[in-house]
Amino acid sequence: MDEMEFWELVDAARETADGDPEEQADLLMDRLLQQDPESVLDFARHFESRYNRAYTWDLWGAAWVLLDGASDDAFDFFRCWLIGQGRDVFEGAMHDPDSLADLLDDFDEEIDGDGEELGYAADEAYEQLTGTVAPDLGIPPAPAEPEGTPIDFESESALAERYPKLWDRFRD
């Protein structure tokens with residue numbers, strides 16, 4: 001499975017789920033179950049490498065603004081959700097997390113921002129297909145700490161200054 005096929009699966013599931021992350025995860029798993037086990041592992045590699053790449057202080061700050069706070073776990077689930085939003089949103093957020101203010105149509109912190117189940121879809125599909133736990137994906141591990149410069153999440157003025165568009169749209 002190449003990168004284009006990865007994003008096509010993500011997009012098709014999101015569009016069918018009409019933005020519901022749990023439904024998207026279920027649909028994605030259904031689609032992965034139609035693949036061979038090696039393609040499922042390829043999907044998992046694509047997903048995991050993007051998940052690791054999104055482990056940045058800048059992105060965590062954006063999640064903090066959108067979610068009105070983001071613990072370690074909440075940020076993990078946010079990164080899964082962000083991948084689930086598709087290539088344009090993901091790459092835009094990676095380039096400039098504040099651009100999420102322009103890239104997102106709307107954001108309901110009760111539903112959006114939590115893609116925990118998306119993070120398990122490939123593992124569950126692989127296990128159903130093979131009866132075994134997915135092997136090590138053979139990709140570099142996530143960094144021990146987020147990349148970039150730490151942010152004072154408790155400082156509203158620092159967050160408003162660093163993410164002016166997100167702050168204006170989702171916190172004012």
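Arg162 is partly exposed, at 34% relative accessibility (buried means under 20% relative accessible area, exposed over 50%, and partly exposed in between, with a 1.4 Å probe and protein chains only). This is a predicted model, in which local features need pLDDT of at least 70, side-chain atom pairs count only at pLDDT 80 or more, and totals for chains, interfaces and linings use all residues. Residues are numbered from 1 along each chain as its sequence is written, and side-chain values use heavy atoms, leaving out hydrogens and water.

## Salt bridges

Let's stay with Arg162 for a moment. Arg162 forms a salt bridge with Asp58, with 2.4 Å between the closest N and O atoms; the term stands for a side-chain nitrogen of Lys or Arg within 4 Å of a carboxyl oxygen of Asp or Glu. This pair links distant parts of the chain, since Arg162 sits in helix α9 (residues 156-162) and Asp58 in helix α4 (residues 57-67), 104 residues apart. Helices here are DSSP runs (H or I, at least four residues), numbered from the N terminus. Asp58 is partly exposed too, at 31% relative accessibility.

By the salt-bridge rule, the count comes to 9. Side chains of opposite charge can pair when their charged atoms come close. Here are three of these pairs side by side:

| Pair | Closest N to O distance |
|---|---|
| Arg162 and Asp58 | 2.4 Å |
| Glu3 and Arg50 | 2.9 Å |

Glu3 is partly exposed, with a relative accessible area of 28%, whereas Arg50 is buried at 9%. The side chains of Arg50 and Glu3 also make a polar contact at 2.9 Å. That term covers a pair of N or O atoms within 3.5 Å; within protein, one must be able to donate a hydrogen and the other to accept it, and residues adjacent in sequence count only if both atoms are side-chain atoms. Glu3 and Arg50 are also part of a salt-bridge network that includes Arg87.

The pair of Asp11 and Arg14 lies within helix α1, where the two residues are 3 apart and separated by about one helical turn. Asp11 is partly exposed at 22% relative accessibility, while Arg14 counts as buried at 17%.

## A negative surface patch

Asp18, Asp20, Glu22, Glu23, Asp26, Asp30, Asp114, Glu117, Asp123, Glu124 and Glu127 form a negative surface patch. Residues in such a patch have over 30% relative accessible area and no salt bridge, and like charges are joined within 9 Å.

Which helix gives the most to the negative patch? Helix α2 does, with 4 residues. Both α2 (21-32) and α8 (121-130) supply at least two residues each. One of the patch members, Asp26, is found in helix α2 and is partly exposed, with a relative accessible area of 48%.

Pro37 lies in helix α3 and is partly exposed at 31% relative accessibility.

Note on methods
Patch = residues over 30% accessible without salt bridge, like charges linked within 9 Å, V, L, I, M, F, W, Y side chains within 5 Å. Areas by Shrake-Rupley, 256 points an atom, 1.4 Å probe, with all protein chains shown as cover. Lys, Arg positive; Asp, Glu negative; His and termini not counted. Charge placed at Lys NZ, Arg CZ, Asp CG, Glu CD.
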